[in-house]
Amino acid sequence: MRLKFNPQLNLFTSVGRNQIAKELQLMSQVLDATPSMLDMVYRDIVRSISTRTGRKGMTADQVLRCAILKQYRQLTYEELAFHLEDSSSFRGFARLDPGQYPGKSILQENIKGLREETWEAINQAIVGYAQQEKIESGRKVRIDATAVETDIHHPTDATLLADGIRIITRWLIRGKDLSPTPRYMYSDHRRVVKKRLMVILNTNKERVRQEAYRDLLLYADKVRAYALVAIPELSSHQSNEMAELFAGRVLAEKLARAVDILGRVMDQTERRVFKKEHVPASEKVVSFFETHTDIIVKKRRETEFGHKIFVTGGVSSMILDCLIVRGNPADTSQYQSLLMRQQEIYDRMPLQVSADGGFASKANLAFAKGHHVKDAVFAKKRGLSVIDMAKSAWVYKKLRNFRAGIEAGISTLKRAFGLDRCTWKGWEGFGRYVWSAVVSYNLLVLARTKLASA
């Protein structure tokens, strides 16, 4: 029977004397002080599964603690399984029983079962704990935005065409392994496609590049035609073995999705390479797998492929809130939403708000002042006067310098907690990954704050 937590702790768990062990001990104390978060974790890991029968499995407490360990030390699931078997500090933090050694597949299944909403609720519980301990009051906040990349290679028309041909051919080959063999024909063009791709990547001559692109489009059209014939054959595949029956339908669904994406890639290649059109970012395809990826364009910076996130930090360096958005919205459009989210978290508006210059606008300043924000400062004035934003030039300067501190928090999230690139799949996985990194970071901030004051 699955449990929320183990009521009997291991008497033989020892606490190490090094820095990491001390941090884990204090992080554990924060989790123990906020037991309400286990309710949502428990609901996530027992969805559609009976809690009264079968093996016990990992408790909700163990799943949450293992997820935090993974993000805190930036481990793969295989590395996490090793450390949970090898390290007494890790085992003590995860509250594992003697003889309990979860493997990488069990860890992945349980950790990825935690929803984005659950992680957000956990973060709010931790923020509430920080308020009770008088570590963070939320009275003075700073706001900034950053981009988190998805796990894709840099997209070009040539590489996307090659990806589509490679993926569809691989699935066509797999379909032929079914029994009885489906009746469709195809040819493997992957070798010649790879040669044309290398020509496009290495030549300096526009004429040679365009000829290689024409060949790529020709082979893409052929592979697309093969798939269109194979899809009805695979979807209606009949077999005496249930596994192969379902395998045919799954392959048909994958092929239909890939064919649709390949058609869009072929269209954008025609428009960009031969017709010299400017294709809007909203119409571009950048990946066959992470199709939710947005194109993030910022002035005088490299284009990034992922999603934009907005973070609100406090005096303690904790991340009080995080907002993940689709598309590439202007910073100014999110300022009011971020303040209203602070209202929901603390049941009041902050007294002082310092935001990056991209959030500056007369409408946002008027909104903040109209909701009892005493000082609403932007790093760049953009036509706003200092007296309108803050009660004095000295306060404006102090708050502007205060805002710069959130850059350190964002840098730490990216360098130490993996927030430079999301390695979990899909839009839902992206949200879970970001929030799990934020929760782990906040726990470490609290632990180090307590260590510093000890």
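Is Glu-117 buried, partly exposed or exposed at 45% relative accessibility? Glu-117 counts as partly exposed, where buried means under 20% relative accessible area, exposed over 50%, and partly exposed in between (1.4 Å probe, protein chains only).

## The model and its overall form

This is a predicted model, in which local features need pLDDT of at least 70 and side-chain atom pairs count only at pLDDT 80 or more, while totals for chains, interfaces and linings use all residues. Residues are numbered from 1 along each chain as its sequence is written, and side-chain values use heavy atoms, with hydrogens and water left out.

The protein chain contains 16 helices and seven strands; helices (H or I, at least four residues) and strands (E, at least two) are DSSP runs, numbered from the N terminus. Along the principal axes, the C-alpha atoms fill a box of roughly 70 × 65 × 35 Å. Of the 454 residues in the protein chain, 50% are buried.

## Helix α15

Helix α15 covers residues 393–416. The expected span of a helix is 1.5 Å times one less than its number of residues.

Several residues of α15 are buried, among them Val-395, Tyr-396, Leu-399 and Phe-402. Just after the helix, Gly-418 takes a positive phi of about 75 degrees.

## Salt bridges

A salt bridge is a side-chain nitrogen of Lys or Arg within 4 Å of a carboxyl oxygen of Asp or Glu. The whole structure holds 28 salt bridges. One of them joins Arg-115 to Glu-117, with the closest N and O atoms 3.7 Å apart. Arg-115 is partly exposed, at 26% relative accessibility. Another links the side chains of Arg-421 and Glu-149 at 3.2 Å, N to O. Arg-421 lies in strand β7 (residues 421–422) and Glu-149 in strand β1 (residues 140–150), so this pair ties together parts that are 272 residues apart in sequence. Arg-421 is partly exposed at 29%, and Glu-149 is partly exposed at 24%.

Within helix α15, Arg-403 and Glu-407 are four residues apart, about one turn of the helix. Their side chains meet in a salt bridge of 3.4 Å, N to O. Arg-403 is buried, with a relative accessible area of 9%, whereas Glu-407 is partly exposed at 38%.

## Backbone features in loops

Arg-95 lies in the loop between α5 (88–94) and α6 (104–111). Its phi is near 60 degrees, a positive value in a residue other than glycine. At 19% relative accessibility, Arg-95 counts as buried.

The loop between α8 (157–176) and α9 (190–202) contains Pro-180. The peptide bond from Ser-179 to Pro-180 is cis, with omega near -5 degrees.

Arg-382, in the loop between β6 (375–378) and α14 (386–389), also has a positive phi, near 50 degrees. Arg-382 is exposed, with a relative accessible area of 54%.

## A positive surface patch

Lys-299, Arg-300, Arg-301, Lys-380 and Arg-382 form a positive surface patch. Patches are made of residues with over 30% relative accessible area and no salt bridge, like charges being joined within 9 Å and nonpolar side chains (Val, Leu, Ile, Met, Phe, Trp, Tyr) within 5 Å. Lys and Arg count as positive and Asp and Glu as negative, while His and the chain ends are not counted.

Arg-301 is found in the loop between β2 (294–296) and β3 (304–314). With a relative accessible area of 59%, Arg-301 is exposed.

Note on methods. Accessible areas come from the Shrake-Rupley method with a 1.4 Å probe; for residues, only the protein chains shown count as cover. The place of a charge is taken as NZ of Lys, CZ of Arg, CG of Asp or CD of Glu.
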